[in-house]
Amino acid sequence: MSDSLAAAGTAAGPMAEVALTGDVSRPARMTVSELLSWPQHRVRVSFDCATSGIQRHRFTGPFLHDVLVSAGPAFDPARRKDRLRFLIAVHGVDGHHALLSWAEIDPDFGRAPVLLAVTIDDTPLDRAGPQLVLPQDRCGARYISGIDTIRVDGGYTLRT
Ligand SMILES: Nc1nc2c(c(=O)[nH]1)N[C@H]1C(S)=C(S)[C@@H](COP(=O)(O)O)O[C@H]1N2
Ligand SMILES: [Mo]
């Protein structure tokens with residue numbers, strides 16, 4: 001391979017994959033283009049960054065809730081109280097991560113329309129990896145980019 005071809009390959013990079021793991025009956029690894037198989041939603045957001053000020057972006061992608069339900073979280077769907085101890089850990093390739101509660105995105109509770117974005121400002125995220133989009137957040141810190149792992153954890157118990 002020529003040096004220029006090798007350099008182009010490096011610049012483009014491989015397709016990113018995100019792992020869905022934890023307390024789910026169907027753990028999975030998926031590419032950004034596989035995230036197109038859920039209904040897609042479009043949102044315009046603005047958020048404040050402590051270092052770079054107000055940012056405005058357009059995102060498209062499936063609801064995080066829809067994708068996680070497909071993975072089969074380990075609760076009884078008919079029992080709403082069962083879901084309240086579930087957490088969702090979202091992790092980026094650079095190590096930045098955040099926790100959401102299941103109830104935050106559950107249509108029976110917080111109903112936050114959180115997306116697992118596959119495009120930002122019309123640019124596909126196939127190589128960068130999906131980005132978490134939380135239109136309800138004033139601050140940008142949870143807009144985790146380059147997501148490589150999403151872990152559902154139903155094992156939380158309060159230590160009193
Ligand atoms: N993977 C990853 N995602 C991240 C961050 C980060 O450090 N790593 N920073 C967050 C912060 S603090 C902000 S404000 C938004 C927007 O950052 P940007 O302006 O650098 O795009 O990305 C968020 N997503
Ligand atoms: Mo930020």
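## Polar contacts of ligand 1

Let's start with S145: one of its polar backbone atoms is 2.9 Å from a nitrogen atom of ligand 1. Keep in mind that this is a predicted model. Y143 also reaches ligand 1 through its backbone, with an N or O atom lying 2.7 Å from a nitrogen of the ligand. D94 uses its side chain instead, and a polar atom there lies 2.7 Å from a ligand nitrogen. On its own, ligand 1 has 530 Å² of accessible area, and the protein covers 64% of that.

## Who else is around it

## The pocket

So much for the ligand's neighbours; now for the space that holds it. Ligand 1 sits in the largest pocket, which has a volume of about 160 Å³. There are 13 lining residues, and the ones closest to the pocket centre are H96, G140, Y143, I144 and S145.

Which strand gives the most to the lining of the largest pocket? That would be β3, spanning residues 41-49, which puts in 3 residues. As for the make-up of the lining, the count by class is 7 nonpolar, 4 polar and 2 charged residues.

Terms used. Residues are numbered from 1 along each chain as its sequence is written. Chains are lettered from A and ligands numbered from 1 in the order in which they are written. This is a predicted model: local features need pLDDT of at least 70, side-chain atom pairs count only at pLDDT 80 or more; totals for chains, interfaces and linings use all residues. Side-chain values use heavy atoms; hydrogens and water are left out. A polar contact is a pair of N or O atoms within 3.5 Å; within protein, one must be able to donate a hydrogen and the other to accept it, and residues adjacent in sequence count only if both atoms are side-chain atoms. Accessible areas come from the Shrake-Rupley method with a 1.4 Å probe; for residues, only the protein chains shown count as cover. On a 1 Å grid over the protein atoms alone, a cavity is a set of points where a 1.4 Å probe fits but cannot get out, and a pocket is an open set with protein on both sides within 12 Å along at least five of seven lines; lining residues have an atom within 4 Å of a point. A molecule sits in a cavity or pocket if more than half of its atoms lie within 2 Å of its grid points. Grid points are joined across faces, edges and corners, and a volume is the space filled by probe spheres set on the points. Helices (H or I, at least four residues) and strands (E, at least two) are DSSP runs, numbered from the N terminus. Ala, Val, Leu, Ile, Met, Phe, Trp, Tyr, Cys and Pro count as nonpolar, Asp, Glu, Lys and Arg as charged, and the others, Gly among them, as polar.
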